[in-house]
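Biologist: I'd like to learn how to read a fold the way you do. Could you walk me through one?

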Amino acid sequence: MASPSHPRAPDTPSRPLDLALQGGGSHGAFTWGVLDALLEDGTMRFDGVSGTSAGAMNAAVLATGYAQGGADGARQALRAFWQAVSGVPACFGMMGEVTPSGPAGSTAPPAWAYNRSAWPAALAWDAWLRLWSPYQLNPFNLDPLRDIVRQHVDEEALRKGPIKVFVTATSVRTGQPRVFSDGDLSIEALMASACLPRSAQTIVIDGEPYWDGGFSGNPALWPLVYGTHTDDVLLVQINPREHDGIPKTAAEIDDRINEITFNASLVAELRAIAFVQRLLRDRRVDPTHYKAMRLHRVADEAGLAPFGASSKLNTDWRLLTTLFELGRAAAQRWLKDCGKRVGQESTLDIGEVFLTNRLQKLPLDGDKSGGTS
């Protein structure tokens, strides 16, 4: 295991914790809420953070704010970043605030209204966009998200600050993940991690082209295995594991394909970790050569369920703050139920949550029987 080079900040809490942050466009505001609650609680010390796409943005802003002002500085930096995202159109591929107002006397629309796929005009617009590449639609490669990241991320803090950062992108040439860390970290590495090829021109770093890291690691866990001394890893999950019903429209099919694709690499890594954990438990491998990881998870699949995949492109401030509050509440529940077990045992059963066959027979048209497969 590599020895981490980043210094630890003085007078920090004694319970070390690594973070693994999934990507998911605007749904990264859920992770913002999780981080805000953990920083406010103050009982954990973040050693390393692995992030992809929006998770990489959260990791970079967290590391920048923490290096400059500790936990309070990190909380302020995250809020400022997401406020900036909401104030600039097209950060995640569409106009920032297009959601209608709620009913009379209300400022918030229903959850479904944030879903781009709920609006016929948006679907027609998306269909038209698919006829063109970003090189045709945006020949000058204008990217408002890059400008925001430059304003809110300090590259020196990423490379030498107290929190070690790992950012995953996908090599277009090989299809393999590339993890940027230490001296490799840069604004361009963050943009590579968030580069969806339908929305943005390919990011080229040192002659190598990169796309979104979610295709190969969402997030990558192995950098935390080899790159930090901490055994506890908290996964902040924002992509749903399951989907009720059968996708039937073109938008629903595309959304589910993306959900499955962006979870596949994570499940594969968790399967490998579970295998090593079993070998260690059965004393079939040398424990001095393998890291006995303790895994934890913060998620709220029921709370996020009404916000479909298309809402990941919506930067309406009302949506972002709604997701933020969901994330804060989920983290507070985790701290209450599981926080004291950090450093002692896993609170995530990988086999039960990710690997168990929980498939159910879906009722098809005209079939009301349901049942279990």
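**Reading the fold**

Modeller: Of the 373 residues in the protein chain, 49% are buried, where buried means under 20% relative accessible area, exposed over 50% and partly exposed in between (1.4 Å probe, protein chains only). This is a predicted model, in which local features need pLDDT of at least 70, side-chain atom pairs count only at pLDDT 80 or more, and totals for chains, interfaces and linings use all residues. Residues are numbered from 1 along each chain as its sequence is written, and side-chain values use heavy atoms, with hydrogens and water left out.

Biologist: How many helices and strands does the protein chain have?

Modeller: Helices (H or I, at least four residues) and strands (E, at least two) are DSSP runs, numbered from the N terminus. Here the protein chain has 12 helices and 8 strands. A contact means heavy atoms within 4.5 Å. Among contacts between residues at least 6 apart in sequence, 77% join residues at least 24 apart.

Biologist: Now helix pairs. At what angle do the axes of α1 and α2 cross?

Modeller: Axes are lines fitted to C-alpha atoms, for helices over the stretch in contact, and angles run from 0 to 180 degrees between N-to-C directions. Angles under 35 degrees count as roughly parallel, over 145 as roughly antiparallel, 65 to 115 as roughly perpendicular and the rest as oblique. The axes of α1 (residues 28-41) and α2 come within 9 Å and cross at roughly 25 degrees, so the two helices are roughly parallel to each other.

Biologist: Which hand does the crossing of α1 and α2 have, left or right?

Modeller: Look at the near helix: turned anticlockwise from the far one by less than a right angle, the crossing is left-handed, and if clockwise, right-handed. The crossing of α1 and α2 is right-handed. Among the residues that meet there are W32, L35 and L39 in α1 and Y66, L78 and W82 in α2. The contact of α1 with α2 divides into 11 nonpolar, 3 polar and 4 charged residues. In that count, Ala, Val, Leu, Ile, Met, Phe, Trp, Tyr, Cys and Pro are nonpolar, Asp, Glu, Lys and Arg charged, and the others, Gly among them, polar.

Biologist: And how do α2 and α5 cross?

Modeller: The axes of α2 (residues 54-87) and α5 (residues 144-152) come within 10 Å and cross at roughly 155 degrees. That makes α2 roughly antiparallel to α5. The crossing of α2 and α5 is right-handed. Their contact is made by M57, V61, T64, A80, F81, A84 and V85 of α2 and L145, I148, V149 and H152 of α5. Those residues divide into 9 nonpolar, 2 polar and no charged.

Biologist: Which residues are buried in α5?

Modeller: L145, R146, I148, V149 and H152. They cover an arc of only 160 degrees around the axis, which puts them on the same side of α5; the arc is that of the directions from the helix axis to the C-beta atoms. The buried residues of α5 pack against α2, α7 (187-193) and β5 (203-205).

Biologist: Last stop, the backbone. Where does D206 lie?

Modeller: In the loop between β5 and β6. D206 has a positive phi of about 55 degrees although it is not a glycine, and D206 is exposed, with a relative accessible area of 78%. D182, in the loop between β4 (177-181) and α7, has a positive phi near 50 degrees. D182 is partly exposed, with a relative accessible area of 25%.

Biologist: Which residues does a cis peptide bond join?

Modeller: N218 and P219, with omega about -10 degrees. P219 lies in the loop between β6 (208-212) and α8 (222-227).
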